[in-house]
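Subject: Structure handover

Hi,

Here is the structure I promised to send over.

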Amino acid sequence: MEFSLAPEDEAFRMEVRAFIAAELPADIARRARHDYHCVRDDVRRWMRILNKKGWGAPHWPEKFGGTSWSPLRKYIFQDELRRARAPVVDRCALDLLGPVLCAFGSPAQQARFLPPVLSGDEWWCQGFSEPNSGSDLASLRTRADLDGDHYVVNGQKIWTSEAHQADWIFALVRTGQNVKPQAGISFLLIDINTPGITRRPIWSIDEGYTLNETFFDNVRVPAENLLGEPGKGWSYAKYLLSHERTTSAVVSHTKRDVEQVRYIAERAPSGSGKLIDNPAFAAKLARLEAEVIALEWAVMRVLHTREGDAGADGVASLLKVRGSELSERAALLAAEALGDYGVVAMPDPEGHYIMHKDGMGPPLTDDEEIGVTAKAMFRRATTIYGGANEIQRMIIAKSVLGL
Amino acid sequence: MDFKLTTEQQALADNVARFCAKEYDFRARRQLLESADGFSRAHWATFAELGWLGAGLPETAGGFGGGAIENAVVMEAFGRGLVLEPFLATAVLSLQTLAALPAGEVRDRLIESAVAGQTLLALAHGEPTARGDVDHVETQATQSGNGWVLNGHKSLVLGAPSADSLLVSARAKDGVGLFLVPRQDASLRLKPYRTLDNHRAADVWFSNTRVETVLAPPGSAMPALATGLDHGLTAVCAEAIGAMDAAILMTRDYLKTRKQFGTTLNNFQALQHRMADMYVEYELSRSILYQGLAALDGPARNRGHAMSAMKAVVSSAALFVGRQSVQLHGGIGMTEEYAIGHYYRRLFVIANQFGGEDLHLKRMATNPTPFWGGIGEQVAAS
């Protein structure tokens, strides 16, 4: 056992830090400090800057524009992006679709779809969940029937994040009808502007708009847009969900959120002092911080797993459970730190996706404080999405503990 | 970074596990805890012979070249085996404190004798009002002629009833010093007791106790004491991880055999989820132990913060896993002649030893160590 970080990795961290400090445009950086989902223009500009440096998709294979960085360096890179609060880029395309395309896509599909992701020109959304298929995803019913050289898609997807800003959707569709549920599923790449697709906004409890219902009514999709082999969609989706084993921990995000809480608490007046001087609040922050440290070291363990190491699957399986819980707790504590304003609705002062157009909002001017309550409400979703935590616990009980 | 044990560390882990499997079945343990010492001096001789007592000491300090990781390896296995020998008191708390002092004839001889298994030591540092606060020392050292005299009250001195010598911290006008006192000294009073986990400890009262040997003069002992106690923290956290692992596996096996309502208990989802939560706590404890070991053995910006984060997480995890292990066993878990309750008792003691969760959260808050150095200056710069 040896726990120190190699000097070369420390140097790499400083290189990334310097790059971000020099290249992240000030106006984007300021907006990204607000706790709303980033808007597409900011994300595209930032993605271009990263890509110019060759850092658009470090975790992809080198021949598709990725890097040969070690898992630790990929982590450090993301960690520094979170530290600087850089805009969150199109994770759907980069983390989910990209690795699947690299592994199972045809050369033509790779050439067509990967470059515009790297340049930030094409955005993707994910069409997995359906109204009656949430945790039980394999029961999905959206169907794609072959008609000449096209699939005809009919059905409905739900919770399609950012579908309204996306150009493409990758969807799980049923191509085989009379087989075991998992066996009839295929992975289809669909131009979201194809006639027959309707997107309907779902406003969420943060008064934000990221979610959509997406309807497919006789949507004709070229058969060449089926990824890999028909009927293998389920295994591709499983590959996609397991490919990045540590991102579900969102530990760097939560580290940044802990620092935000500290920042607010050090400045928030409380009686004759500051909130941070209140021992009960300080203890709550310390407890959160301690758990985030534990989570980060669990991530370190997974990052340093070598082929054939026993027990790493077990550690990976808990990252989503505890990572999502801490993510929400950090956001709730930030709201608590704001005192009275921690219960005030916070529409985006930049005017993006405003649900109630009444111009009301709290008198906050510090960029670190803007959007905190919206984030606190949105984070309620963390223990639901990506496989509800109850499902994750079932997986731990069955596959790790053998119950 | 490398989270795999080296070949030597793995051999050490295997050796200790083999010892526990052979010597520490539940009945054998019961006999030991009812003996006069509450542990086996024969086992202690074995520990010395196999090199475990000096495994966590650098060669420069008279050990075999290891550090906190080696002690953690031993303690984790001891946690699984519910081992009773005073390894923590002598090999961790006392020897690591001594090793952190400057070399000297007395110190070196003491280490040599303890590593050889010939001398049992106990660190008399904690006091009733300290409640785990390392800096709190009220016991007085006063100069008398060309020596020192001690007066005061030390509590929960682990391993004291069987120790040959006590390392006693006491405060003089220049600060805290460390003094060596034979346990048999007529001027000290010792009240021995069993802790809830059947380990032995004692309260010790000093009244004008003359000190022959000064290990660290007043004003110079705190850094070594802090180091020794931080080694104690990582060691008990490692032991808790071994105990949690054993308790989880024992509970898992019980759920798979115990039948109610016509089926084994492992088929009930409420119980599955509880076990998943226990597993999460256990793995996160193991993860943060590595953070503690890194801070202890390597360069650390703020060791106190790292130690306290570790102990806060492990304390609450130890309580949760210990309590739920008994809960999932049901009534049988409450019986004294069944092992699971003894895991709970050890875990309960560790959770509260050297400061519980509250003390360590407070210590974190008073030694803030923000991730990446904090964001205040970033914001100011923008």
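Below is what came out of it, with the cut-offs alongside.

This is a predicted model, so local features need pLDDT of at least 70 and side-chain atom pairs pLDDT 80 or more, while totals for chains, interfaces and linings use all residues. Residues are numbered from 1 along each chain as its sequence is written, chains are lettered from A and ligands numbered from 1 in the order written, and side-chain values use heavy atoms, leaving out hydrogens and water.

Chain A first. Its radius of gyration is 22 Å, which agrees with the value near 22 Å for a compact globule of 403 residues (taken over C-alpha atoms; the rule is 2.2 Å times the number of residues to the power 0.38). Buried residues make up 55% of chain A (buried is under 20% relative accessible area, exposed over 50%, partly exposed in between; 1.4 Å probe, protein chains only).

In one of them, A:Arg13 pairs with A:Asp79 at 2.9 Å between the closest N and O atoms. A:Arg13 sits in helix H1 and A:Asp79 in helix H4, so the bridge ties together parts 66 residues apart in sequence (helices are DSSP runs of H or I, at least four residues, numbered from the N terminus). A:Arg13 is buried at 12%, and A:Asp79 is buried too, at 0%.

In chain B, B:Arg286 and B:Glu76 meet at 2.7 Å, N to O, and both are buried.

Cheers

Conventions:
A salt bridge is a side-chain nitrogen of Lys or Arg within 4 Å of a carboxyl oxygen of Asp or Glu. Helices (H or I, at least four residues) and strands (E, at least two) are DSSP runs, numbered from the N terminus.
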